[in-house]
Amino acid sequence: MATISSLGIGSGLDLSGLLDQLESAERQKLTPILQQQKSYETKISAFGLLESALEKVKDAASALSEPESFSGVKTSQSGEGVSISASEDTPVGSYEIEVTQRAKSYSIATMGVGEQDTNLGAGNIDFTLGDGAQFTVSVNESDSSLQDIRDAINGADTGVVASIVNDGSDQPYRLVLTSTQTGTDAAIDSVAFSSGGFGDVLTLDGATEVAAQNAQLNVNGIAIQSQKNRVEGAIQGVTLNLEETGTTTLEVSRDTAGIEKKLSNFVDAYNSLQGALSDLTSFDGATGVGGVLQGNATVRGVESQIRELVGGSLLSDTFSSLADIGLTLEVDGTLTLDDEKVSDLVANQLGALSSLFAGESEESDGFADRFEAALGAMMEEGGLIENATSGLETSVEAMGQRYDRMEQQIDSTIDRYRTQFSQLDGLIAQMNSTSSYLTQQFDALAAQMKQ
């Protein structure tokens, strides 16, 4: 009998369609596994959103956790010639800065030689700097061209750099020696070429000497001298970059707006966290649909700790709670900021406000310290969030393994059905063939009997 290449050819039945229906029915067993796996993955994503909201509150609290957070300043200046940067510990005040001289580096050149790549002979160069430092650069016979001498000086890394200048004369190539730093301390006080070798060829040209000089300025009438044009410490917390001579006025004032913004950022981050918690744990009575993390024990733990933090108090003679400074906890769990009251506190009781958030000393924690520590513990390795997500990730992996096993079982079942259907198809084909043969025989016999 011929081999059946497709189900149903032998029997005339739609066995392929029936097999497809059976396979579709079997694969319905995978749906609950996929739904459960998706549920776990959705919860992992939800915990990611929660962690992001917690991180924002932690960052906002961190911005309030140090006394320096409440000592921010802003600056304004008039005049040109000095670029100014101020840190948070710069005292509030007005400063008049007059620059009368910028710092310069020392330089001097040698008399010229005809070739820059011709060996001039071995020798030493002895340097003495303005601060008394001394060093020697040695050159051997085989590497004693003007280029080699330049490279030897630069390779010594001694506070002097060398370059070659072509002045266009008959003896054009000059060796130029320059101190790497400005000011008299870094200046080249003396240069001595040893006799013999290149020492008999190279001599200094005094006409090319550029003397080093220190920067000179005065701040509010106080004379100041600096080896560099970058002056630090002349005004506490201020760096002055002297670009040219002239007078500049610097005004330093308390950055009250910046401090208020930090408080506002904390409230906004906290309220965003409450919004995220509300969405993740909500329940719609009309539809019967709950949030992704409704009833989750980890989330309940997070909510409990946050309520304790917000409603907590400190031992203080001035402010002991967030409510004392105009941060009101609403029924829905969010915070409301009394802008007017906060502005008044920043302007008139900044020290007490700093103590409330940053603590009265290094040994005492303020509210911001408490938030930063508590939320950090929730998100650290082994904390609430990681423990919850790692458990869900294990469940996702288990569902994946279960899915693979079920799929193997389904494939095995369908293969068995296919074999059985193939056998049935062949059997029916054989029976149809036998039936056709017998019919022909009976028809032939009936025809003979009629004759």
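At what angle do α4 and helix α6 (residues 339-348) pack, and how far apart are their axes?

1. This is a predicted model, in which local features need pLDDT of at least 70, side-chain atom pairs count only at pLDDT 80 or more, and totals for chains, interfaces and linings use all residues. Residues are numbered from 1 along each chain as its sequence is written, and side-chain values use heavy atoms, with hydrogens and water left out.

2. The angle between α4 and α6 is about 130°, and their axes are 10 Å apart. Axes are lines fitted to C-alpha atoms, for helices over the stretch in contact, and angles run from 0 to 180 degrees between N-to-C directions. Helices are DSSP runs (H or I, at least four residues), numbered from the N terminus.

3. On the α4 side, Thr256, Ile259, Glu260 and Leu263 meet Val342, Ser343 and Val346 of α6, where contact means heavy atoms within 4.5 Å. By class, four of these residues are nonpolar, two polar and one charged. Ala, Val, Leu, Ile, Met, Phe, Trp, Tyr, Cys and Pro count as nonpolar, Asp, Glu, Lys and Arg as charged, and the others, Gly among them, as polar.

4. Helix α4 (residues 256-281) also packs with helix α5 (residues 297-311), at about 150° and with axes 12 Å apart. The two helices are therefore roughly antiparallel.

5. Tyr270, Leu273, Gln274, Leu277 and Thr281 of α4 meet Val299, Glu303, Ile306 and Val310 of α5. This contact divides into six nonpolar, two polar and one charged.

Definitions and conventions: Angles under 35 degrees count as roughly parallel, over 145 as roughly antiparallel, 65 to 115 as roughly perpendicular and the rest as oblique.
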